[in-house]
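Visitor: I would like to go through the aromatic contacts and then a helix. Could you show me the structure?

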Protein chains: 4
Amino acid sequence: MIRFESDYTEGAHVRILQRLLETNEEQTSGYGTDEHCERAREYIRTACRAPHADVHFLVGGTQTNTTVIASILRPHQGVIAAVTGHIAGHETGAIEAAGHKVLTVPSEDGKITAAQVKEVYEAHWNDPTHEHVVQPGMVYISQSTENGTIYSKAELEALHQASRECGLPLFIDGARLGYALAAADSDVTLADLAGLCDVFYIGGTKVGAMMGEAVVIVNEALGRDFRYHIKQRGGMLAKGRMLGIQFETLFEDGLYLEISKHAVEMADRIQRAIAELGYSFKYASTTNQQFPILPDKLLEELRLNYTFSTWEKTADEHYTVVRFCTSWATKAEHVTGLINEIKRLHAQL
Amino acid sequence: MIRFESDYTEGAHVRILQRLLETNEEQTSGYGTDEHCERAREYIRTACRAPHADVHFLVGGTQTNTTVIASILRPHQGVIAAVTGHIAGHETGAIEAAGHKVLTVPSEDGKITAAQVKEVYEAHWNDPTHEHVVQPGMVYISQSTENGTIYSKAELEALHQASRECGLPLFIDGARLGYALAAADSDVTLADLAGLCDVFYIGGTKVGAMMGEAVVIVNEALGRDFRYHIKQRGGMLAKGRMLGIQFETLFEDGLYLEISKHAVEMADRIQRAIAELGYSFKYASTTNQQFPILPDKLLEELRLNYTFSTWEKTADEHYTVVRFCTSWATKAEHVTGLINEIKRLHAQL
Amino acid sequence: MIRFESDYTEGAHVRILQRLLETNEEQTSGYGTDEHCERAREYIRTACRAPHADVHFLVGGTQTNTTVIASILRPHQGVIAAVTGHIAGHETGAIEAAGHKVLTVPSEDGKITAAQVKEVYEAHWNDPTHEHVVQPGMVYISQSTENGTIYSKAELEALHQASRECGLPLFIDGARLGYALAAADSDVTLADLAGLCDVFYIGGTKVGAMMGEAVVIVNEALGRDFRYHIKQRGGMLAKGRMLGIQFETLFEDGLYLEISKHAVEMADRIQRAIAELGYSFKYASTTNQQFPILPDKLLEELRLNYTFSTWEKTADEHYTVVRFCTSWATKAEHVTGLINEIKRLHAQL
Amino acid sequence: MIRFESDYTEGAHVRILQRLLETNEEQTSGYGTDEHCERAREYIRTACRAPHADVHFLVGGTQTNTTVIASILRPHQGVIAAVTGHIAGHETGAIEAAGHKVLTVPSEDGKITAAQVKEVYEAHWNDPTHEHVVQPGMVYISQSTENGTIYSKAELEALHQASRECGLPLFIDGARLGYALAAADSDVTLADLAGLCDVFYIGGTKVGAMMGEAVVIVNEALGRDFRYHIKQRGGMLAKGRMLGIQFETLFEDGLYLEISKHAVEMADRIQRAIAELGYSFKYASTTNQQFPILPDKLLEELRLNYTFSTWEKTADEHYTVVRFCTSWATKAEHVTGLINEIKRLHAQL
């Protein structure tokens with residue numbers, strides 16, 4: 001069985017494992033105060049052109065989202081997010097467990113707009129009984145989104161400006177940030193991104209690491225006491241170096257972007273091959289997740305040798321939206337095999 | 001600088017890293033549903049002689065304590081713990097952030113007694129205004145404790161029985177469980193422990209793993225929906241196999257206990273050497289943490305080449321309680337060096 | 001200015017105030033353990049034909065909803081509610097502050113259906129990654145709803161059965177229960193209601209009392225430790241008798257239903273008068289809230305002497321949905337005045 | 001049975017009930033925006049000589065404490081309080097349910113000192129691992145305390161200064177503030193108090209009202225968005241005037257202080273009579289709560305006709321500390337009766 005069901009089916013980039021072995025007997029202080037973490041922070045600040053940013057290493061996405069959001073909001077505030085946002089539906093109510101409502105706005109493709117942010121803000125403050133309603137307190141977006149789409153620089157600039165005008169910190173979930181940066185049509189660099197939000201994170205789990213997310217706090221006011229929040233939410237590893245070493249490896253010489261590009265190229269091959277067969281796609285994704293609409297008959301056969309996600313049924317009862325994920329670890333021969341199999345099954349229809 | 005400040009100064013047991021390398025290209029399903037996790041669960045069930053236990057892998061101690069406790073208590077209930085318990089003072093209020101009070105009882109050596117549990121329970125239910133007070137809802141102990149001490153089998157049996165009689169689940173924090181099992185004076189096996197509580201965890205972070213704690217839910221009723229709680233509290237790794245592979249390695253052939261014994265032997269050497277010099281100890285620890293009371297003058301010199309923790313000042317202003325930790329990774333030559341240095345400095349006093 | 005903006009513009013039924021005066025010097029025990037509370041409980045149990053029900057007196061609606069819901073759900077569970085439900089949008093995130101997500105379902109008229117409950121339940125349990133999603137843990141409805149509509153007995157029976165089948169307790173918010181019971185087209189008695197849910201409350205604040213809501217716990221399992229929850233959530237009055245005396249007065253001889261009928265008659269007069277002028281209504285309300293769609297020009301003039309709520313703009317930019325509320329305290333001459341004024345302004349258009 | 005068990009055994013001051021009757025048919029806007037609330041706010045600001053203070057009316061003590069504390073603290077912060085403080089032990093974990101730890105300090109008489117505040121603060125910030133510990137975020141004291149004692153002006157000034165220096169808002173729980181102001185040895189006026197803290201509340205429930213606490217926010221920064229917090233925590237009455245009218249009555253012409261004085265005089269008579277018999281007292285209370293140490297044999301007989309609270313056993317097994325409470329409503333003849341009965345029983349010993 002060849003797996004395209006997610007971007008976390010393999011271990012870690014081999015250079016990370018080698019580095020772990022090389023450094024294994026070093027004795028270091030705990031909780032992220034070691035030199036590996038410090039070097040990783042420096043590499044990341046440089047890559048972001050954000051020399052004063054606070055950088056912290058957490059373990060996973062749900063934890064990172066909860067920690068960042070809970071550290072920013074006051075009890076009566078909520079976070080604006082796309083209805084499809086990860087925090088809205090796929091984290092078992094972690095944000096609510098921390099006491100906050102997710103204020104969802106509609107989205108067809110995973111993205112939200114500056115106009116939507118302003119609309120929520122104005123609707124709240126124009127409501128004469130606004131004290132009876134959760135106050136919008138920050139904005140959450142993902143780059144790339146849960147649907148594989150990406151924000152352009154102009155879109156991010158508009159969101160940044162709207163958030164500023166409303167006094168709402170803008171937080172970017174970058175669980176798949178590498179794949180967004182590597183997209184052929186992306187005009188957003190890591191430094192651009194850092195300049196257009198208050199806090200974001202660079203996803204490691206889905207981009208080469210065993211686990212780990214690097215939170216970059218650009219807005220200095222939000223950094224105060226952040227290590228308390230990490231500890232309280234369970235994100236402070238005793239052996240913090242385990243995260244530091246991974247990000248050190250990913251960022252010391254550009255590995256993060258390099259392996260992200262590979263994933264996107266693999267996804268692009270799948271996308272083009274399926275499009276050439278005449279099939280359409282649910283979302284216009286240019287990143288590592290592709291959402292083709294394929295005949296159920298073909299999918300049934302394809303499932304015998306390949307895993308992928310069932311996304312949703314279409315109006316046409318014989319078709320289904322599915323998701324293929326590539327990653328830094330995806331092998332070219334597996335992609336070739338997948339494409340050939342799809343072609344073969346298509347020909348048999 | 002040679003470090004004895006904690007039991008998490010090195011990486012992971014080398015066999016774990018090798019196993020990660022060997023399995024790195026395997027494709028597996030996510031979130032702990034892979035075969036490595038499944039095998040690790042089986043090994044642990046066997047080691048615990050608890051064939052029906054639920055076994056789950058979480059990342060760190062604070063997270064594990066919070067997840068287990070929040071999954072058990074109702075909103076008006078609290079958890080009974082020693083005032084020195086890790087949840088009482090060293091987790092940045094994680095239990096309170098989950099909505100619950102830690103009901104502390106006094107302890108001189110990190111342990112609590114069956115009598116104390118009964119006393120809290122009876123004091124609560126005999127209070128005519130008990131509805132105005134947090135209801136005791138479970139019991140938390142650590143094996144070994146934060147002071148290096150261990151519960152005997154008789155003590156655990158008494159606690160188990162008292163908890164049962166009060167209808168309070170008993171939860172054992174085993175962050176340093178290996179070192180408790182390996183203590184020379186321990187009469188408690190892993191299977192004993194599993195039979196004498198409702199839920200416990202086997203610490204990996206401090207005993208050979210990079211990170212990871214294996215929660216063993218013996219009381220079937222407590223296992224219901226536990227995976228939701230793990231996910232909500234941020235403990236469900238996308239690449240769950242990273243934890244599974246580590247526990248698979250530690251439990252497939254007894255490595256966990258073997259390396260724990262090494263740590264205890266190293267600590268024992270330190271303990272005997274210091275005792276021979278005529279110094280006394282704050283706690284009667286037989287595990288990997290030793291708390292000697294040493295002259296400040298000696299400590300000042302010792303700090304030039306060795307790290308260790310300052311625990312507390314004594315009544316005599318010239319002496320301080322310090323903590324030396326050994327671990328699975330402690331090198332015999334470092335222990336020899338430490339002992340010789342202490343002897344040398346003692347001779348100079 | 002004559003007020004029709006809400007059903008809480010006056011004080012309390014005069015018999016309640018007189019009873020407070022008569023009993024003022026009595027010395028009683030606190031926290032709802034006095035004889036007035038006990039008698040009120042008995043009257044309510046009798047009225048509900050629920051001799052074994054637990055009855056508790058809380059102060060207000062948000063507090064009651066939060067206390068009941070937080071007492072039932074486990075941390076990973078949420079409450080199913082109409083998107084228009086009071087808990088979903090008008091309680092400043094009180095449910096989320098207690099840690100729980102409100103799982104909203106669409107509703108045009110404030111009601112939800114048995115089919116919707118089943119759909120949410122099945123969608124959850126059919127999702128292979130359901131552990132990543134908040135688990136439905138109970139159902140919340142309002143009788144009457146925020147839109148003035150009421151559930152028929154058949155609808156409640158279907159909801160009750162669906163909830164049972166899904167293992168979800170059914171909770172009915174009765175902030176305006178009196179007005180639902182008094183509706184001309186209602187076929188649901190208080191006893192019917194008590195038999196068709198697990199817990200509900202009888203609203204006092206909007207129906208004759210100064211403040212106060214009587215929670216009736218029919219499902220015995222849900223009553224356990226409920227007084228702790230009341231205390232923790234701030235709902236346990238030291239002078240609990242202040243609530244007991246009010247409900248004693250409202251329920252000793254049918255006052256609650258009698259004054260509810262008055263309010264509904266007043267609303268009915270307004271409804272018929274406006275309908276006769278040819279205007280339509282946003283919701284088919286037969287209770288004390290009426291939502292006519294009126295020309296902005298008329299409303300502008302009407303506002304000079306009357307208060308009412310602006311509900312929403314219609315597609316036709318010259319019309320607005322507004323809300324007129326009557327209550328137990330509404331004076332017939334004020335209703336006559338309002339109707340005459342609307343007729344006069346209509347004639348001038 | 002004559003009750004001295006608490007200061008909430010009667011209804012409300014008769015002038016309050018009369019005022020409720022007089023104003024009953026007035027139509028007002030809801031949620032505390034009416035003219036009665038506005039007038040009450042003005043009276044209170046004047047009484048406090050705090051013309052810019054925010055004044056809000058909440059329903060009960062637990063709710064008020066929770067709302068104020070939760071509105072001030074960030075998630076990783078806790079509140080410093082005496083171990084005997086109401087929030088520490090008598091509110092069913094309401095503070096913890098809002099996510100915060102109560103950082104208790106020892107107290108023999110219910111009071112804490114400026115030195116203790118500084119000590120907690122410094123211990124925290126001197127701890128190199130302070131991020132693993134709950135950060136002190138504010139200070140909570142009660143005036144009068146749970147033990148009937150009061151802070152002198154000098155003590156409050158020292159606490160105020162210490163709190164300022166540590167950057168910790170000082171919150172005074174005034175559930176029994178009237179009785180503190182009325183104490184013969186008090187040198188603290190309401191205006192003094194308002195000038196020596198950041199936020200406090202004036203208790204109504206125990207001092208003449210049916211229910212209700214008036215929160216006075218002196219530190220402007222703490223007032224931001226406070227109405228959201230009131231609503232979320234269930235403290236915003238739809239008929240907010242019910243609280244406004246009560247405080248209007250209590251503060252328009254000094255009734256609050258006048259009835260407080262009566263209570264203290266009654267307590268003083270009890271205190272003197274018992275002292276004259278040669279008995280001692282657990283606490284040096286000069287307010288409405290008295291804690292004599294009396295022989296069990298006397299108490300047994302006294303209980304036949306009088307209620308009072310059993311506080312704690314003494315070392316001498318034949319004696320018990322009990323509590324007698326007086327209030328604004330205590331009748332002089334009841335006090336005379338109590339004193340005579342105690343004398344009679346004492347003579348029989």
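Visitor: How many aromatic pairs are there over all chains?
Guide: A search of the whole structure finds 48 aromatic pairs over all chains. Rings of Phe, Tyr and Trp (its six-membered ring) pair if their centres lie within 6.5 Å; planes under 30 degrees apart count as stacked, over 60 as edge-to-face and the rest as tilted. This is a predicted model, in which local features need pLDDT of at least 70 and side-chain atom pairs count only at pLDDT 80 or more, while totals for chains, interfaces and linings use all residues. Residues are numbered from 1 along each chain as its sequence is written, chains are lettered from A in the order in which they are written, and side-chain values use heavy atoms, with hydrogens and water left out.

Visitor: Why is the pair of A:Phe291 and A:Trp311 edge-to-face?
Guide: Because the planes of A:Phe291 and A:Trp311 are at 70 degrees, with the centres 4.8 Å apart, the pair is edge-to-face.

Visitor: Where do the two residues lie in chain A?
Guide: A:Phe291 is in the loop between strands E9 (289-290) and E10 (293-295), and A:Trp311 is in strand E12 (residues 309-313), 20 residues apart. Helices (H or I, at least four residues) and strands (E, at least two) are DSSP runs, numbered from the N terminus.

Visitor: Is A:Phe291 buried or exposed?
Guide: A:Phe291 is buried, at a relative accessible area of 0%, whereas A:Trp311 is partly exposed at 31%. Buried means under 20% relative accessible area, exposed over 50%, and partly exposed in between (1.4 Å probe, protein chains only).

Visitor: And what about D:Phe308 and D:Phe324?
Guide: D:Phe308 and D:Phe324 form a tilted pair, 5.2 Å centre to centre and with 45 degrees between the planes. D:Phe308 is buried at 9%, and D:Phe324 is buried at 1%.

Visitor: Changing topic, how many residues has helix H2 of chain C?
Guide: Helix H2 (residues 35-47) of chain C has 13 residues and reaches 18 Å from its first C-alpha to its last. That is close to the 18 Å expected at 1.5 Å a residue, where the expected span is 1.5 Å times one less than the number of residues.

Visitor: Which residues of H2(C) are buried, and what do they pack against?
Guide: The buried residues include C:Cys37, C:Ala40 and C:Ile44. The buried residues of H2(C) pack against strands E2 (54-58), E7 (199-203) and E8 (213-217) and helix H11 (241-251) of chain C, where contact means heavy atoms within 4.5 Å.

Visitor: What follows just after H2(C)?
Guide: Just after H2(C), C:Arg49 takes a positive phi of about 45 degrees.
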